[in-house]
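Hello,

Here is the structure I promised to hand over. Please open it first, then read my notes below.

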Amino acid sequence: MKSYKIAFLGFGNVGRSLAELLIRKRQEIIDDYDVSFSVSGICTKNHGCILINDDLDIDDVMNKIKVDPDIDLNTLTGLPFITDPVEFIHQCNADVLFENTPVNYDTGEPAVGFIKTALNSGIHVVTANKGPVVHAYHELSQIANLNGVKFYFESTVMDGAPIFSLFREALPVINVRRIKGVLNSTTNLILSRIEMGDSFDEAIKYAQSIGIAETDPSGDIDGWDASVKIAELATVLMGIRVKPQDVIRKGIRDLKVDQIRNARESGKRWKLVCSATREYNQVSVSVSPELVDAGSPLFLIDGTTSIVVFESDVLGKLSIIEEDPGPHTTAYGCLADFINIIRN
Ligand SMILES: NC(=O)c1ccc[n+]([C@@H]2O[C@H](COP(=O)([O-])OP(=O)(O)OC[C@H]3O[C@@H](n4cnc5c(N)ncnc54)[C@H](OP(=O)(O)O)[C@@H]3O)[C@@H](O)[C@H]2O)c1
């Protein structure tokens, strides 16, 4: 049986959910792929950074985190600890690094640098962090190829739903001509709640209360998160280089509550629509509120559900819908990337 050493850089909602999922699926991974794994380190910003020469007992770590979610990981071993993530990557002796630090929409850093360090050290990288993909996809993929390792990021758009692996594994030599979707859960939830009677502020507060919207929801409301996602899809699947700043962007801030409810009463709905369209050698990429009617697949997308519709030169329209996203579905995307790496 082949054994892989894995390390976690960032151990918040996604990192912890991934650790739980790996523990739950450990026997199935052995049974189906004849592969086992052990954890060689975990690095966070303020909750400790541990490197283990022998294997870390990840079950024990997760049990202790359940008792005290704020635990300092450095207290779990008697070993000297480090504080620098780059030093951690150099010393972690991992085959696969799960990079799940917070997104930086402007530059992708410091995660771009972390991922470069890992790939240049011959470590496969799996990330749920959109920043490095949208800002450095071509460069990071090239570094991965040069070093004979993989750089996978399934969870960065629509969490565990297979998008990048679908095109990579199942849809060879296809040309994507158009991408259209509702990719930001927070704004879609806000629009759905306003249709049901909430004010704008009540809808935002509800989204925050269920952990979907951040304390400052402007990244969602002004269309930045949606711009990052459509820029990423266009970059990876349409082979162009587009930054979030290049996306023609309008959020939902200027939509009026009456406008949203009147549309619903007349059989239409406002949606924050992401689009990328290839015309000749140009790709135009935009995010803006659109009024959709009942004939559109986007019409039925409620609350936190997302949808993406691909049009290609061969298959016509192909849609993917994801319901009930959360850290557990993001974790599954990371796990699927891990399996795709080990089985190749
Ligand atoms: N949550 C989701 O459902 C979801 C869905 C799709 C994509 N994502 C993406 O997944 C990534 C992780 O999300 P999350 O919800 O797990 O975030 P989170 O709960 O805030 O966790 C982030 C982790 O990264 C650590 N960290 C921050 N800066 C670091 C640094 N410079 N060096 C080392 N570690 C650092 C934090 O350390 P401390 O614990 O000490 O703060 C924490 O452990 C983000 O890029 C996010 O956009 C998340």
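Is N100 buried or exposed? N100 is buried, because its relative accessibility is 13% and the cut-off for buried is under 20%. Keep in mind that this is a predicted model.

**N100**

N100 sits in a loop. That loop runs between β4 (96-99) and α4 (111-120). What does N100 touch, leaving aside residues up to four places away in sequence? The contacts are L9, G10, V14, G15, L18, T127, A128 and C334. A128 also takes part in a polar contact with N100. Its backbone nitrogen is 3.1 Å from a polar atom of the N100 side chain.

**The ligand**

There are 24 residues around the ligand. Which of them come nearest? They are F11, V14, N46, H47 and T101. V14 is also on the contact list of N100.

The shell around the ligand is made up of nine nonpolar, 12 polar and three charged residues. Two helices, α1 (13-33) and α12 (327-343), each contribute at least two residues to this shell.

- G12: a backbone N or O atom is 3.3 Å from an oxygen atom of the ligand.
- N13: a polar backbone atom lies 3.0 Å from an oxygen atom of the ligand.
- H47: an N or O atom of the side chain is 2.9 Å from an oxygen atom of the ligand.

How much of the ligand does the protein cover? On its own, the ligand has 900 Å² of accessible area, and the protein covers 77% of that.

**I190**

Now turn to helix α7 (residues 185-195), where I190 is placed. I190 counts as buried because its relative accessibility is 0%. Its contacts, not counting residues up to four places away in sequence, are F200, A203, I204, I221 and I252. How far is I190 from K130? The two are 60 residues apart in sequence. In space, their C-alpha atoms are 23 Å apart.

**Cysteines**

How many disulfides does the structure hold? The number is zero. A disulfide would be a covalent bond between the sulfur atoms of two cysteines. C49 is buried, because its relative accessible area is 2%. C274 is buried too, with a relative accessibility of 0%.

Best wishes

Key
Residues are numbered from 1 along each chain as its sequence is written. This is a predicted model: local features need pLDDT of at least 70, side-chain atom pairs count only at pLDDT 80 or more; totals for chains, interfaces and linings use all residues. Side-chain values use heavy atoms; hydrogens and water are left out. Helices (H or I, at least four residues) and strands (E, at least two) are DSSP runs, numbered from the N terminus. Buried means under 20% relative accessible area, exposed over 50%, partly exposed in between (1.4 Å probe, protein chains only). A polar contact is a pair of N or O atoms within 3.5 Å; within protein, one must be able to donate a hydrogen and the other to accept it, and residues adjacent in sequence count only if both atoms are side-chain atoms. Contact means heavy atoms within 4.5 Å. A disulfide is a pair of cysteine sulfur atoms within 2.5 Å. A residue is near a molecule or strand if one of its heavy atoms lies within 4 Å of it. Accessible areas come from the Shrake-Rupley method with a 1.4 Å probe; for residues, only the protein chains shown count as cover. Ala, Val, Leu, Ile, Met, Phe, Trp, Tyr, Cys and Pro count as nonpolar, Asp, Glu, Lys and Arg as charged, and the others, Gly among them, as polar.
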